[in-house]
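Please read it alongside the structure shown here.

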Amino acid sequence: DKELLDDIFSNYNIIITVEDGVLLGGFGSAVLEYENSKKDKPLKIVCLGVPDVFVEHGNIDELYESINLDESGILKSIERITNENIY
């Protein structure tokens, strides 16, 4: 939804995408690609998702925790990202 992304890009300096899938070629990549085509203003876009590494087998809660995609991991990432001096 390009209209929605344009609205988000114009109103925020930090954008965090969270996806339940592999980061490479995923939703966050599409957002980054679209933002790169705009060149309106500098934004910080951080994509959270499954890294391109081998993830051990286990129940879904354990797996999310191991890659910081559980509630606690996502909150810690958001706090770290929003507290960084980006500009």
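1. Surface. The accessible surface of the protein comes to about 6,300 Å², and 52% of that area belongs to carbon and sulfur atoms. Of the 87 residues of the protein, 28% count as buried; here buried means under 20% relative accessible area, exposed over 50%, and partly exposed in between (1.4 Å probe, protein chains only).

2. Basis of the values. This is a predicted model, in which local features need pLDDT of at least 70 and side-chain atom pairs count only at pLDDT 80 or more, while totals for chains, interfaces and linings use all residues. Residues are numbered from 1 along each chain as its sequence is written, and side-chain values use heavy atoms, with hydrogens and water left out.

3. Overall arrangement. The protein has four helices and two strands, running α-β-α-β-α-α from the N terminus on. Helices (H or I, at least four residues) and strands (E, at least two) are DSSP runs, numbered from the N terminus. Taken along the principal axes, the C-alpha atoms fill a box of roughly 45 × 25 × 20 Å. Of the contacts in the protein with a separation of 6 or more, 67% are accounted for by residues 24 or more positions apart; contact means heavy atoms within 4.5 Å.

4. Packing of H1 on H2. Helix H1 (residues 2-11) packs against helix H2 (residues 27-38) at an angle of about 70°, and their axes are 11 Å apart. That makes H1 roughly perpendicular to H2, given that angles under 35 degrees count as roughly parallel, over 145 as roughly antiparallel, 65 to 115 as roughly perpendicular and the rest as oblique. Axes are lines fitted to C-alpha atoms, for helices over the stretch in contact, and angles run from 0 to 180 degrees between N-to-C directions.

5. Residues at that contact. From H1, Lys-2, Leu-5, Asp-6 and Phe-9 meet Val-31, Tyr-34, Glu-35 and Lys-38 of H2. By class, this contact of H1 with H2 holds four nonpolar, no polar and four charged residues. Ala, Val, Leu, Ile, Met, Phe, Trp, Tyr, Cys and Pro count as nonpolar, Asp, Glu, Lys and Arg as charged, and the others, Gly among them, as polar.

6. Leaving aside residues up to four places away in sequence, Glu-35 touches Phe-9, Lys-41, Leu-43 and Ile-45. Asp-1, in the segment before H1, is exposed, with a relative accessible area of 68%. The C-alpha atoms of Asp-1 and Val-31 are separated by 10.0 Å, although these residues are 30 apart along the chain.

7. Loop residues. Asn-68 lies in the loop between helix H3 (60-66) and helix H4 (71-83). Phi of Asn-68 is near 60°, a positive value in a residue other than glycine. Most residues other than glycine have a negative phi. Asn-68 is partly exposed, with a relative accessible area of 48%. His-57, in the loop between strand S2 (44-50) and H3, counts as exposed at 76% relative accessibility. Gly-25, in the loop between strand S1 (14-22) and H2, is also exposed, with a relative accessible area of 72%.

Technical notes. Accessible areas come from the Shrake-Rupley method with a 1.4 Å probe; for residues, only the protein chains shown count as cover.
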